[in-house]
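Colleague: I would like to learn how to read a model like this one. Can we go through it feature by feature?

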Amino acid sequence: MCYAKRGNEMVVSSDSSNFVTASMLVISPGNPIYSIFGHSAIRMQCPSKKLDYCFTFEMESGLEGYLKFFGGQAKARFVAVPTKEYLTEYQREKRGVKQFTLNLTPHEKQELWRQLDNDMLAGAHRKFNLIQNNCASTSMLMIESVLWEEEIDFLKLPVQMTYLNGNLLRYYSRKSPWGQFIFMTLFGSEADVFWNQEYRMSPELLPEILNHAQIKSLQSGKSRPLLIGQTVILPGKESVSKSTLTPIFVFTLLLVFVVLVTIGERLWHRKRLPKVTDYALFILQSIAGIFLLYVTLVTGLFGIHWNWYLILFNPIPLILWLCCRKRNGYAKVYLWYACILMAFIVSMPLVTTQSDTSHLLIAATFAIRCFNSIIKTKNK
């Protein structure tokens, strides 16, 4: 690329500060669940050699990539894409792209280009988890890595950066209710901690963060602005489609349906629909429980070892049903689980920021059918 190397020493090809230009690109959110946080990339330009590339941090693509993601084995790397080609997709999706030109020295810019090239040539080797080790955090850490006896001083961070991880993730995903529901389900105990600020950044907050940041010398204490300019490359509009079928709406309807089914069973002795409802809820709860247990304890997808929603979704009810359903006193299982669910509903909002209304509605739905099973067993 636009640098030269002599032994282990970087040779600056030109003393012009514009010989190489380094910028951060910030892309607005998209509709697919993997793009609801937006995207960011590092743009490197060398006009004299007619080089213009966007280095984008990308996970392995295709079905294999998704399987590795949920298996906690997803790897990612920086990939160089010609800028014109890179912007084509976002232009087609009508997503906005802003460019923030970095105030780096010629040596720092060339070193940044060299490290990005090396990262690409190394293949997919960085662990990827979308929430922490992602495009924004990795790009910012890559920029910080080329500073010599300097550091980036984030003088004024957005108020959202003071939130615990759970509330911050809820803010980032607020435009996609189903994306928020899925990510909050998986987030686990990481919701109640506070990561280093680089890992908490997202493309949405990057403009405000970058505009107030400075590069500070560790020796002299002198500072210079991190940015020397910004421009809109592609104007965009809201590309995240809104739906009335939010998780709260859907699970409220489910709760109302279960209440009506339970009333019909108690007053009019309806049996078929309640039985089908119980089977459906039990199967879905078991599938969700096995998956969540695998993601949390086996893959460590988000670097966690506990998830509060394992109380709600876990395979224990399935195991007890398979092993103990024909034994006397099995009905006590319903009582215990119903009590656990009620305690879950009352305590969750008090103990963790992972708690949300959608999951509490699901817990209430399960609890109603458990209490009904207790009553039904006693009446036999």
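**Reading the sheet, a helix and the salt bridges**

Modeller: Start with the sheet. Here 3 strands form an open sheet, in the order β9-β10-β11, with antiparallel pairing. Keep in mind that this is a predicted model.

Colleague: Which strands are the edge strands?

Modeller: An edge strand pairs on one side only. Here the edges are β9 (150-154) and β11 (223-225). From one strand to the next, the twist averages 30°.

Colleague: Over how many bridges do β10 and β11 pair?

Modeller: Strand β10, residues 213-217, pairs with β11 over 3 bridges, in the antiparallel sense. Take K216 as an example: its bridge partner in β11 is S223.

Colleague: Now a helix. How many residues does α8 have, and what span does it reach?

Modeller: Compare the span with the expected one. Helix α8 has 22 residues and reaches 31 Å from its first C-alpha to its last. That is close to the 32 Å expected at 1.5 Å a residue. Just after α8, H269 takes a positive phi of about 60°.

Colleague: Which residues of α8 are buried?

Modeller: First the general idea. An α-helix has 3.6 residues a turn, so residues three or four places apart point the same way. Now the case. P247, F251, L255, V258, V261, T262, G264 and E265 are buried in α8.

Colleague: Which residues form the nonpolar patch on the surface?

Modeller: The patch consists of V256, V259, L260, I263, L267 and W268. Together they have about 590 Å² of accessible area. W268 belongs to helix α8, residues 247-268.

Colleague: Why does W268 count as exposed?

Modeller: The cut-off for exposed is over 50% relative accessible area. W268 is at 57%, so W268 counts as exposed.

Colleague: On to salt bridges. What is the count?

Modeller: The rule asks for a side-chain nitrogen of Lys or Arg within 4 Å of a carboxyl oxygen of Asp or Glu. By this rule there are 9 salt bridges. One of them joins the side chains of D52 and R43, at 2.6 Å, N to O.

Colleague: Are D52 and R43 buried or partly exposed?

Modeller: Buried means under 20% relative accessible area. R43 has 11%, so R43 is buried. D52 has 25%, so D52 counts as partly exposed.

Colleague: Which parts does the pair of E108 and R224 tie together?

Modeller: Begin with the contact. E108 forms a salt bridge with R224, and their closest N and O atoms are 3.0 Å apart. E108 lies in helix α3 (residues 106-121) and R224 in strand β11, so the pair ties together parts 116 residues apart in sequence. Both E108 and R224 are buried. A network of salt bridges links E108, E150 and R224.

Colleague: Which residue meets R369 in a salt bridge?

Modeller: The partner of R369 is D278, at 2.6 Å, N to O. This pair links distant parts of the chain, 91 residues apart: R369 is in helix α12 (residues 357-379), D278 in helix α9 (residues 272-299). R369 and D278 are both buried.

Colleague: One last reading. How many residues apart in sequence are F187 and W308?

Modeller: F187 and W308 are 121 residues apart in sequence, and 9.1 Å apart in space, C-alpha to C-alpha. F187 is in helix α6, residues 177-187. Its relative accessible area is 1%, so F187 is buried.

Notes. Residues are numbered from 1 along each chain as its sequence is written. This is a predicted model: local features need pLDDT of at least 70, side-chain atom pairs count only at pLDDT 80 or more; totals for chains, interfaces and linings use all residues. Side-chain values use heavy atoms; hydrogens and water are left out. Two strands pair if DSSP finds at least two bridges between them. Helices (H or I, at least four residues) and strands (E, at least two) are DSSP runs, numbered from the N terminus. Axes are lines fitted to C-alpha atoms, for helices over the stretch in contact, and angles run from 0 to 180 degrees between N-to-C directions. Patches are made of residues with over 30% relative accessible area and no salt bridge: like charges are joined within 9 Å, nonpolar side chains (Val, Leu, Ile, Met, Phe, Trp, Tyr) within 5 Å. Accessible areas come from the Shrake-Rupley method with a 1.4 Å probe; for residues, only the protein chains shown count as cover. Buried means under 20% relative accessible area, exposed over 50%, partly exposed in between (1.4 Å probe, protein chains only). The expected span of a helix is 1.5 Å times one less than its number of residues.
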